[in-house]
Amino acid sequence: KHDRLGSDTYKRINLSLLEYAVLGLSVIKLSGGGNPILKVAYIITLINTIKGYAYGVLGLDKKSGSDTMLQDFTKGIKSTIKGICSDPKNMKSFGYWSATLMVVTMKLFKLKDIILAVQSSAASKDIAMPLARFNRLSLLALMIYTLKDAADRDRLSGTTFIQLNYLCALVLGIVGIVGGGVMSPLGGANVAFAAFFAVNGLSSYFKKSVL
């Protein structure tokens with residue numbers, strides 16, 4: 001169990017969830033309290049990701065000599081940027097890579113909105129909304145990149161990656177239909193990618209079942 005939690009994939013997931021929980025709590029703080037149930041959910045996520053990191057990477061005694069969380073976070077950012085900039089190794093990887101670029105672009109637009117809001121001395125609540133969207137897009141981008149990395153290594157038949165395919169398909173489908181509409185360019189792209197993720201998830205599931 002510790003070996004799997006200590007792998008690059010699970011460290012990336014743990015650290016991205018940690019970032020998601022911290023930014024989520026920041027959004028609640030900026031919005032003036034927010035939903036208490038959502039706050040509890042973020043706190044539980046924060047606790048579980050720290051536990052997952054401590055058990056999987058550091059070991060129970062925290063004396064394994066592994067890198068610190070900050071070092072892993074820094075290495076994770078560098079390796080993710082390098083992975084995004086690297087050429088996809090197959091057609092599935094190209095699809096995940098394209099989806100990653102789309103979500104990262106959306107994320108950068110939200111970052112621009114946050115910077116403009118801060119520069120204009122906007123109210124905290126006006127900063128909280130784009131920050132919340134930025135936070136969700138950051139997590140989604142990391143999940144999609146994790147699938148791109150798995151596709152490069154031909155590991156998509158793993159249970160974690162099958163579930164990630166389903167999750168990303170659901171999120172992108174909702175964003176496409178509710179956010180922009182299927183007929184809009186961005187909405188249509190989201191729905192198309194949702195179908196891509198769903199098909200890959202089902203394909204990997206049946207492949208795993210046969211094996």
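The largest cavity in this predicted model has a volume of about 30 Å³. The count of cavities of 30 Å³ or more comes to one. Helix 2 (8-30) and helix 6 (124-152) each supply at least two residues of the lining. These two helices pack at an angle of about 170°.

**Cavity lining**

- The residues that line the largest cavity are Ser 16, Glu 19, Tyr 20, Asn 135, Ser 138, Leu 139 and Leu 142.
- Helix 6 gives the largest share of this lining, with four residues.
- By residue class, the lining divides into three nonpolar, three polar and one charged.

**Asn 135 and Glu 19**

- Both Asn 135 and Glu 19 are among the residues lining the largest cavity.
- Asn 135 lies in helix 6.
- Its relative accessible area is 2%, so Asn 135 is buried, the cut-off for that class being under 20%.
- In sequence, Asn 135 and Glu 19 are 116 residues apart.
- In space, their C-alpha atoms are 8.2 Å apart.

**Helix 2 against helix 6**

- The axes of helix 2 and helix 6 are 9 Å apart, and the angle between the helices is about 170°.
- Helix 2 is therefore roughly antiparallel to helix 6, a class that takes angles over 145 degrees.
- The residues of this contact divide into 15 nonpolar, eight polar and five charged.

**Thr 100 in helix 5**

- Thr 100 is found in helix 5, which spans residues 91-119.
- With a relative accessible area of 1%, Thr 100 is buried.
- Its side chain reaches the backbone oxygen of Tyr 96 at 2.8 Å.

**Positive phi in two loops**

- Ser 121 is found in the loop between helix 5 and helix 6.
- Phi of Ser 121 is positive, about 55°, although this residue is not a glycine.
- Ser 121 has 65% relative accessibility, so this residue counts as exposed; the exposed class is over 50%.
- Asp 154 sits in the loop between helix 6 and helix 7 (159-180).
- Asp 154 also has a positive phi, near 55°, and is a residue other than glycine.
- The relative accessible area of Asp 154 is 59%, which means that Asp 154 is exposed.

Definitions and conventions. Residues numbered from 1 in each chain as written. Predicted model: local features only at pLDDT ≥ 70, side-chain atom pairs only at ≥ 80, totals over all residues. Heavy atoms only, no water. 1 Å grid on protein atoms, 1.4 Å probe; cavity = no way out; pocket = protein on both sides within 12 Å on 5 of 7 lines; lining within 4 Å. Points joined across faces, edges and corners; volume = space filled by probe spheres on them. Nonpolar A, V, L, I, M, F, W, Y, C, P; charged D, E, K, R; others polar. Axes fitted to C-alpha atoms, helices over the stretch in contact; angles between N-to-C directions. Parallel < 35°, antiparallel > 145°, perpendicular 65-115°, else oblique. Buried < 20%, exposed > 50% of the residue type's maximum accessible area, 1.4 Å probe, protein only. Polar contact = N/O pair within 3.5 Å; in protein donor to acceptor, adjacent residues only side chain to side chain.
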